[in-house]
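Here's a quick tour in questions and answers for anyone meeting this structure. Have a look at it, then read on.

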Amino acid sequence: MTETAYHILGAERPGRWLVSCDHASNRVPDWLGGGSLGIAPEDMARHIAYDVGAAGVTRRLAERLDAPAILSDFSRLVIDPNRGEDDPTLLMRLYDGTIIPANRHADAAELEMRMAALYRPYHAAYAEQAARRPDTVICAVHSFTPCLRGRARRPWPVGILYSHRDTRLALPLIAALAAEGLNVGDNEPYSGHLDGDAIDRHALAPGRPNVLIELRNDLIAHEDGQIAWADRLAPVLERVLAESGL
């Protein structure tokens, strides 16, 4: 099975940063249900299938940082590259009120097929890019929906997520963005520590400095918002890294 699991942009760029986008695409490969998970197109356009706007921010941010970027090329509903191999949410059967028919009865063999075709190639390429220089710093870009069904509206335009195991860049970044007048989510809308996720695997385990940026997806759904946020974040990231002494 020949499959595209990821895209590498700017592999020749020399910067310390590696910008990642684990949920860049809502693509379903043709070998899975003819390219369909059995849910409506409007659901595939929602946050449940990918991080809306995150890929555009990632591309622009990597350009501004003169750094490479790695972007997934499959929907998180096919298999979630930001989960550990033994995480029960690696293959979601129900997400934010939507049942995923193609996943509902997926067995261990089906899971292994998706991991071999998509999940493991993505992480192998991620590891290779992260190891390209000894002082790599990882910036993961994600987006979140303004409101989950039946839940309160989320007030933050941006959240910075981090693990308690490494706050070296995250806490100064939160302070720097707050100083610009932003309402910054401190480990919101989710906790930044998840055993086996992409940051745990490629940053925490090898000791690489890291930040994970969550942007509210209504702010980056279109290109102008993606450009504006990337242009806003890049100099702050560079300054925080320079001042950290890392």
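Q: What volume does the largest pocket have?
A: Keep in mind that this is a predicted model. The pocket in question is lined by 23 residues. Its volume comes to about 450 Å³.

Q: Which residues lie nearest the centre of the largest pocket?
A: By class, the lining splits into 7 nonpolar, 10 polar and 6 charged residues. Those nearest the centre are Arg76, Asn82, Arg83, Tyr190 and Glu214.

Q: Which element gives the most to the lining of the largest pocket?
A: The elements giving two or more residues to the lining of the largest pocket are strand 6 (137-144) and strand 9 (210-216). The one that gives the most, with 3 residues, is strand 6.

Q: Which element gives the most to the largest nonpolar core?
A: This core has 39 residues, and Trp17, Leu61, Ile160, Leu173, Ile213 and Leu237 touch the most other members. Elements that give two or more residues to it include strand 2 (17-21), helix 2 (54-64), helix 5 (170-179) and helix 7 (223-244). With 8 residues, the top giver is helix 7.

Q: Is phenylalanine 74 buried or exposed?
A: Buried means under 20% relative accessible area. Phenylalanine 74 has a relative accessibility of 0%, so it counts as buried.

Q: How many aromatic pairs are there, with ring centres within 6.5 Å as the cut-off?
A: Let's go through them. Phenylalanine 74 and tyrosine 122 pair up edge-to-face, 6.4 Å centre to centre with 85° between the planes. Tyrosine 122 and tyrosine 126 are also edge-to-face, at 5.9 Å centre to centre. The count of aromatic pairs is 2.

Q: How many residues apart are phenylalanine 74 and tyrosine 122?
A: This pair links distant parts of the chain. Phenylalanine 74 is in the loop between strand 3 (69-72) and strand 4 (94-95), while tyrosine 122 belongs to helix 4 (residues 108-130). They are apart by 48 residues.

Q: What separates tyrosine 122 and tyrosine 126 in helix 4?
A: Tyrosine 122 and tyrosine 126 are both buried. Because they are 4 residues apart in helix 4, the separation is about one helical turn.

Q: Which residues form one aromatic cluster?
A: Phenylalanine 74 pairs with tyrosine 122, and tyrosine 122 pairs with tyrosine 126. The cluster is formed by Phe74, Tyr122 and Tyr126.

Q: Which residue lies over the face of tryptophan 229?
A: Its distance from the ring centre is 5.6 Å. The residue lying over the face of tryptophan 229 is arginine 232.

Methods:
Residues are numbered from 1 along each chain as its sequence is written. This is a predicted model: local features need pLDDT of at least 70, side-chain atom pairs count only at pLDDT 80 or more; totals for chains, interfaces and linings use all residues. Side-chain values use heavy atoms; hydrogens and water are left out. Rings of Phe, Tyr and Trp (its six-membered ring) pair if their centres lie within 6.5 Å; planes under 30 degrees apart count as stacked, over 60 as edge-to-face and the rest as tilted. Buried means under 20% relative accessible area, exposed over 50%, partly exposed in between (1.4 Å probe, protein chains only). A charge sits over a ring if NZ of Lys or CZ of Arg is within 6 Å of the ring centre and within 35 degrees of the ring normal. On a 1 Å grid over the protein atoms alone, a cavity is a set of points where a 1.4 Å probe fits but cannot get out, and a pocket is an open set with protein on both sides within 12 Å along at least five of seven lines; lining residues have an atom within 4 Å of a point. Grid points are joined across faces, edges and corners, and a volume is the space filled by probe spheres set on the points. Ala, Val, Leu, Ile, Met, Phe, Trp, Tyr, Cys and Pro count as nonpolar, Asp, Glu, Lys and Arg as charged, and the others, Gly among them, as polar. A nonpolar core is a set of buried Ala, Val, Leu, Ile, Met, Phe, Trp, Tyr and Cys residues joined through side-chain atoms within 4.5 Å.
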